[in-house]
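Trainee: I have a structure open and I'd like to learn how to read it. Could you walk me through a few features?

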Amino acid sequence: MPHVVIIGAGVAGASAAATLADAGWRVTLVDKAARPGGRCATRRLAADTASPWFDYGAQYFTARDPAFRQAIASDLDAGALCHWRPMLHVAEHGDAGWRRTPSPDERERLISPRGLNDWIRYRLDQTTADIECRRRVSAVARTTQGWQLQFADDAASQNADALIVTLPAVQAAGLLGELADDMPELAAADSALSPCHSLVVAAPALADCHGIFVKGGHLAWCADNTHKAGHGEAATHLWTLHAGPAFSTDHLEDDPQTIATMLIEEFAALGGLATARIKPVHQHRWRYARPGAKPPPADTRCLARPELRLALAGDWLAGGRIEGAWLSGRAAADALR
Ligand SMILES: Cc1cc2nc3c(=O)[nH]c(=O)nc-3n(C[C@H](O)[C@H](O)[C@H](O)COP(=O)(O)OP(=O)(O)OC[C@H]3O[C@@H](n4cnc5c(N)ncnc54)[C@H](O)[C@@H]3O)c2cc1C
């Protein structure tokens, strides 16, 4: 059976890996990060596994596509996923300051009871794929047999019969070099994902409010991780604050402390809290986060060159969300099969 190397162990990589491993392929996943998951990123306050967790990348996901619903049904049964039923507010800024009103949005929201990163690791544990972390791919080249990968900080190369690249468009293009010239869709997608400043703070709970869609502010979204974890009664809650795409783009290179101060002040204002009660606990800048100014059509799914045994996948090809990333990874695997 052929050997495929998949670059990137996020949702798209995990989905492609499961599809090809189930078909009997030998699968190797390589990722530059210390652990798999990509933008399904979760941390704990302390190393202790009982310590409170927070999602600082993706927050929850929808499952509308029948194939995706079927794929996650067993994860729900196993308790690796659960439903999140928050009370959500919309915050808007007017002449009298911030005003919060209940959101009518009642869509189905899926989370993991231990954070979304835990779900990806659970999914990968179900496959026979080899997972190699802390391996940043620095170059890929065609060989007579298939593909050869080079790594930063590692002289040993890796050969494969087939290659799946699940990086955001700009990074994928950089890796493929001249091969990318053959893929006009790749060059056209340079702004498919926009950045996001993410700040996690310890703050009080808000009455009857577990998440806030923010309109017209620096922030776009605030989520109460402590409510997600089922500990609503706790004295201190961990809130994830995500800045909007315009703010994140305009302040991409700003000093993290300045960003944190601005986001905390806005969260204090829309939550009716004193800033002294809000303490930052984690900060991250996502350079490629969510759909940007020119997202590609949601039905592209993947870019495949079966004659080269090459496929590109990732959320940027399928709507910029977890569900799209999963469908994209599966489409890439199917294209190679
Ligand atoms: C702040 C934020 C909030 C979000 N909120 C939501 C939400 O609420 N709901 C939702 O559905 N989606 C949300 N998303 C989007 C969702 O996280 C993504 O759609 C999805 O996780 C993308 O998966 P992916 O596999 O396509 O990419 P990624 O998760 O980015 O995976 C790519 C992987 O490639 C690795 N990599 C990169 N370069 C190299 C290299 N050179 N060598 C080796 N490995 C490399 C990276 O480490 C990464 O693990 C959010 C994203 C962010 C950042």
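Mentor: Let's start with polar contacts: a polar contact is a pair of N or O atoms within 3.5 Å; within protein, one must be able to donate a hydrogen and the other to accept it, and residues adjacent in sequence count only if both atoms are side-chain atoms. Here, an N or O atom in the side chain of Asp-315 sits 2.8 Å from an oxygen atom of the ligand. Asp-31 also takes part, with a polar side-chain atom 2.6 Å from a ligand oxygen.

Mentor: Before we go on, this is a predicted model, where local features need pLDDT of at least 70 and side-chain atom pairs count only at pLDDT 80 or more, while totals for chains, interfaces and linings use all residues. Residues are numbered from 1 along each chain as its sequence is written, and side-chain values use heavy atoms, with hydrogens and water left out.

Trainee: How many residues surround the ligand?

Mentor: A residue is near a molecule if one of its heavy atoms lies within 4 Å of it. By that rule 33 residues surround the ligand, and the closest are Ala-12, Asp-31, Arg-39, Tyr-60 and Asp-315.

Trainee: Which element gives the most to that shell?

Mentor: Helices (H or I, at least four residues) and strands (E, at least two) are DSSP runs, numbered from the N terminus. Strand β18 gives the most, with three residues.

Trainee: What about salt bridges, and how many are there in the whole structure?

Mentor: You look for a side-chain nitrogen of Lys or Arg within 4 Å of a carboxyl oxygen of Asp or Glu. A search of the whole structure finds 14. In one of them, Glu-185 pairs with Arg-305, their closest N and O atoms being 3.9 Å apart. Glu-185 is in helix α5 and Arg-305 in strand β19, so the pair ties together parts 120 residues apart in sequence.

Trainee: Is Arg-305 buried or exposed?

Mentor: Buried means under 20% relative accessible area, exposed over 50%, and partly exposed in between (1.4 Å probe, protein chains only). Arg-305 counts as buried at 17%, and Glu-185 as partly exposed at 36%.

Trainee: What should I look for in the backbone angles?

Mentor: Most residues other than glycine have a negative phi. Asp-153 has a positive phi of about 60 degrees, though it is not a glycine. You'll find Asp-153 in the loop between β11 and β12, and it is exposed at 84%.
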